[in-house]
Each structure stands twice: as structure tokens, then as C-alpha cells.
Amino acid sequence: MHFHQKIHEYLLNYRNTIDPSFNFMVRQRASKKDKNFLGGKFAHGLVFQGNNNYCFVGIVNRSGGANATRSVGLVFKPTENKFRVLLEIVFPGETNQELIRFYKNLASKFNDVKWDPKGIRAYKNIGEFKIDNPELIYNWLNINYPIIQQTVLESGIDDLIPSDDKFDELQLNLKNKLKEASKEVKSSDN
């Protein structure tokens, strides 16, 4: 199982057992002609934006301006027997001033946020947790996801957090893409 799939499992478990309002974004498409991932990223289990070195779990349904990934999310990086996790708010090339205000306001809600010199990328180190013990991320979400939800509500911007219907649609699409990729890999092995 690719580490992206492990993170996906943790987050689905969190949503199913702790907070059913926690909706997040998963990868929706990937080129099957990717020279680094023969057969495409789905065939390799990369269910989030990212690669073998990190995954980006979008929790706000907006692209980051010039970025292809979402603007606000959790970044998981595997280390030896652990995962390092950060909150990232990134919006290079974003011109919508209402969204920029939202991103900056959201970043101000957290202690120890670091900004890049251009003021378009903020991140907060959440910490590290051992593989098979996601309590750190569950505890962080218990405290901080309501802050994100409240900040979204206060912004007045519609559809920043994926609705339950959108979440279900994304999960179904992911399931279908993984099934399709699995069939293609099996047929190419024959």
C-alpha cells in the first residue's frame, strides 16, 4: 500500500468515527503517460496531489492561483517509520482579493505560522507521528478543523469547503479510477 493510501485510510477513519463534517479533496485525474509513474499515478496508489515524497490533502476547494493543487491543505511527508505533517496555505498568482484576505485571515488563526518572503505561502509545522498511530493528526483536526470551518463561514465565500455531496462524488470517482487503474495493470501483466 502506497503511503498516500495509508493517509487516505487515516482520514476516512477520522471522518467516519470522529468528525463526519471533515471533507477533504482527493486526486481526480492523472495522466497515464506520466514518465515517472508508468500507467499513471492511480496505478501506483497516489490518491492525493503529490508524489512519492509528499501528499497534499486539500481541505479548501480552491486552487492556489498558479498552483494546480488546492490552496489550503495538509502536507504529509514520509520519514523512516513516521509521517511529518504541516498545514500549508499557498496562493501564488491568486488575484481574487477576497480569497487572499481569507487565506491571510486563516493563517492568522494559528500560532507559529511561517511565511515565505513573498507572502504567498504560509505553513505551520504540526509535527510527526508514527506510522499506524495517527492520533497526532486526529487531535490536531479536533481542535483546528472547527477553526478552519468558522473562518470559512466568516469569509462569506461559498463552497470553500467541499459539501458532503461533493466529498461523496470525489470519493466515488477515486474508487472508480483506482479500480480502472488496477484492471489496466493486471491486463498489462498478462
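Q: In which strand of this predicted model is Pro 78 found?
A: The model is predicted. Its secondary structure places Pro 78 in a strand. That strand is β3.

Q: Is Pro 78 buried, partly exposed or exposed?
A: Buried needs under 20% relative accessible area, and exposed needs over 50%. Pro 78 has a relative accessible area of 31%, so the residue is partly exposed.

Q: Which residues are in contact with Pro 78, leaving aside its neighbours within four places in sequence?
A: Pro 78 sits in β3. Glu 128, 50 residues apart from Pro 78 in sequence, is 9.4 Å away, C-alpha to C-alpha. With neighbours within four places set aside, the contacts of Pro 78 are Phe 3, Asn 52, Asn 53, Tyr 54 and Phe 83.

Q: What is the relative accessible area of His 4?
A: His 4 lies in helix α1. The residue is listed among the buried residues of that helix. Its relative accessible area is 0%.

Q: How far apart are the C-alpha atoms of His 4 and Tyr 54?
A: His 4 belongs to α1. Tyr 54 is 50 residues away from His 4 along the chain. Their C-alpha atoms are separated by 8.2 Å.

Q: What span does α1 reach from its first C-alpha to its last?
A: α1 has 15 residues. At 1.5 Å a residue, 21 Å is expected. The helix comes close to that value, reaching 21 Å.

Q: Which residues of α1 meet α3?
A: The axes of α1 and α3 come within 11 Å. On the α3 side, the partners are Tyr 138, Leu 141 and Asn 142. On the α1 side, they are Tyr 10, Leu 11, Asn 13 and Tyr 14.

Q: How are α1 and α3 oriented to each other?
A: Their axes cross at roughly 45°. α1 passes α3 in a right-handed crossing. An angle under 35 degrees would count as roughly parallel, and 65 to 115 as roughly perpendicular. The two helices are therefore oblique.

Q: Which elements do the buried residues of α3 pack against?
A: The buried set includes Ile 137, Trp 140, Leu 141 and Tyr 145. Ile 148, Thr 151 and Val 152 are also among them. The buried residues pack against α1, β3, β4, α2 and β6.

Q: How is α2 oriented to α3?
A: The two helices pack at an angle of about 150°, with axes 10 Å apart. That angle makes α2 roughly antiparallel to α3.

Q: Which residues of α3 meet α2?
A: α2 passes α3 in a right-handed crossing. From α2 come Glu 98, Phe 102, Asn 105 and Leu 106. From α3 come Ile 148, Thr 151, Val 152 and Ser 155.

Q: Which residue just after α3 takes a positive phi?
A: α3 spans residues 135-155. Just after the helix, phi is about 75°. The residue is Gly 156.

Q: Is Asn 81 buried or exposed?
A: Asn 81 is found in the loop between β3 and β4. Asn 81 has a positive phi of about 60° although it is not a glycine. At 54% relative accessibility, over the 50% cut-off, Asn 81 counts as exposed.

Q: What is the relative accessibility of Asp 112?
A: Asp 112 lies in the loop between α2 and β5. Asp 112 is not a glycine, yet has a positive phi of about 60°. The residue counts as exposed, at a relative accessibility of 58%.

Q: What pattern does the chain follow along the sequence?
A: The chain has 4 helices and 6 strands. Read along the sequence, they give α-β-β-β-β-α-β-β-α-α.

Q: What share of contacts with a separation of 6 or more comes from residues 24 or more positions apart?
A: The chain has 190 residues, and 44% of them count as buried. Among contacts with a separation of 6 or more, residues 24 or more positions apart account for 59%.

Notes
Residues numbered from 1 in each chain as written. Predicted model: local features only at pLDDT ≥ 70, side-chain atom pairs only at ≥ 80, totals over all residues. Heavy atoms only, no water. Expected span 1.5 Å × (residues − 1). Buried < 20%, exposed > 50% of the residue type's maximum accessible area, 1.4 Å probe, protein only. Contact = heavy atoms within 4.5 Å. Axes fitted to C-alpha atoms, helices over the stretch in contact; angles between N-to-C directions. Parallel < 35°, antiparallel > 145°, perpendicular 65-115°, else oblique. Left-handed = near helix turned anticlockwise from the far one by under 90°.
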